[in-house]
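Here is a short briefing on one protein chain. Look at the sequence and the structure first, then read the points below.

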Amino acid sequence: MIYTITTNPSLDYTVDAELIPGQINRTSSEVIYPGGKGINVSLSLQRLGEETRALGFAAGRIGQTIRDLMDDLGCPHTLLELTGGGQSRINVKIRGPVETAVNGRGPDLGAGDLVRLLELLASVKREDAVVISGWAQNIALYVSILRQLEETGCMTVLDCSGETLWQCLECHPFLIKPNLVELGALFGVEDLEYGEGVDLAHRLQLEGARNVLVSMGGSGAFLLTESRELYFANACCGRTSNTVGAGDSLVAGFLTGLRQTGDFGKALQMGVAAGCATAFSDWLGTRELTLELLEQIRVEKSML
């Protein structure tokens with residue numbers, strides 16, 4: 001089982017519109033999806049045929065709508081109601097000549113909510129994997145989760161950035177997945193190149209990360225393993241129509257490939273294919289498109 005944790009899920013309201021500030025703007029199309037990075041990972045895993053369950057919190061009527069949409073999509077979930085009340089957030093994605101997003105903040109988590117989440121995770125077994133992703137309102141929450149999971153010996157995947165990532169490295173996550181911009185920001189470096197990125201990924205390993213997967217958008221992705229194997233995979237050629245969830249699909253594809261083959265190179269290939277499938281789709285990519293794109297991806301391996 002692959003569990004995902006989304007502490008602040010969202011209702012994603014995605015519209016096509018030519019946004020003109022200061023005027024009434026009308027949409028040409030609109031869709032509503034359940035959102036949040038961990039939920040995207042679970043939905044992508046489900047599409048790829050992996051057993052998954054989305055864990056986290058949801059609040060109020062908006063939270064119930066998120067649960068209902070997950071049910072409609074057939075994705076198993078346990079989204080706890082927040083004890084402090086409030087409403088889960090709504091994110092507005094405007095697709096036009098320039099893609100624009102307005103993301104809600106969401107309700108605050110209480111101390112009791114963390115306890116309930118840790119109780120949920122008590123059933124995690126060594127053979128399971130747990131993906132923790134997204135912005136953390138409370139960094140200590142992520143650290144507490146990772147410390148508890150470390151005792152089980154299960155595979156932990158962390159997709160966050162900034163100070164949250166720094167403080168979680170002490171828990172030695174199996175995999176972290178910054179993108180190239182996030183990786184540079186950790187060290188105060190702008191316009192990071194591939195070679196510099198590899199060096200910084202190694203520095204993150206020295207701080208506690210075991211394996212580092214770095215997404216580079218249209219340039220592909222690379223993986224630095226704890227045994228100092230370096231894998232690079234090119235991105236596919238195609239028209240990008242959606243950037244939301246591409247990194248989450250990369251994580252889902254990587255885990256799918258790793259669990260099916262046990263091979264890091266094939267896992268990276270599957271991850272990049274899944275990420276590209278989402279980038280080329282209106283929403284999350286399908287298994288069929290992922291397998292079709294898989295043939296375009298070449299993986300190069302070297303030693304650091």
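In which hand of crossing, left-handed or right-handed, does α8 pass α9? The crossing of α8 with α9 is right-handed, a term for the near helix being turned clockwise from the far one by less than a right angle. The model is predicted: local features need pLDDT of at least 70, side-chain atom pairs count only at pLDDT 80 or more, and totals for chains, interfaces and linings use all residues. Residues are numbered from 1 along each chain as its sequence is written, and side-chain values use heavy atoms, with hydrogens and water left out.

**Helix pair**
- Helices here are DSSP runs (H or I, at least four residues), and strands are runs of E of at least two, numbered from the N terminus.
- The axes of α8 (residues 246-261) and α9 (residues 264-279) come within 6 Å and cross at roughly 150°; axes are lines fitted to C-alpha atoms over the stretch in contact, with angles from 0 to 180 degrees between N-to-C directions.
- Residues of α8 including Leu250 and Phe254 meet residues of α9 including Leu268 and Val272, where contact means heavy atoms within 4.5 Å.

**Cores**
- The largest nonpolar core has 45 residues, and Ile132, Ile145 and Leu158 have the most contacts inside it.
- A nonpolar core is a set of buried Ala, Val, Leu, Ile, Met, Phe, Trp, Tyr and Cys residues joined through side-chain atoms within 4.5 Å; buried means under 20% relative accessible area, exposed over 50%, partly exposed in between (1.4 Å probe, protein chains only).
- Helix α4 (residues 139-152) gives the most to this core, with 6 residues.

**Gly85**
- Gly85 lies in the loop between β5 (77-81) and β6 (89-95).
- Gly85 counts as partly exposed because its relative accessibility is 27%.
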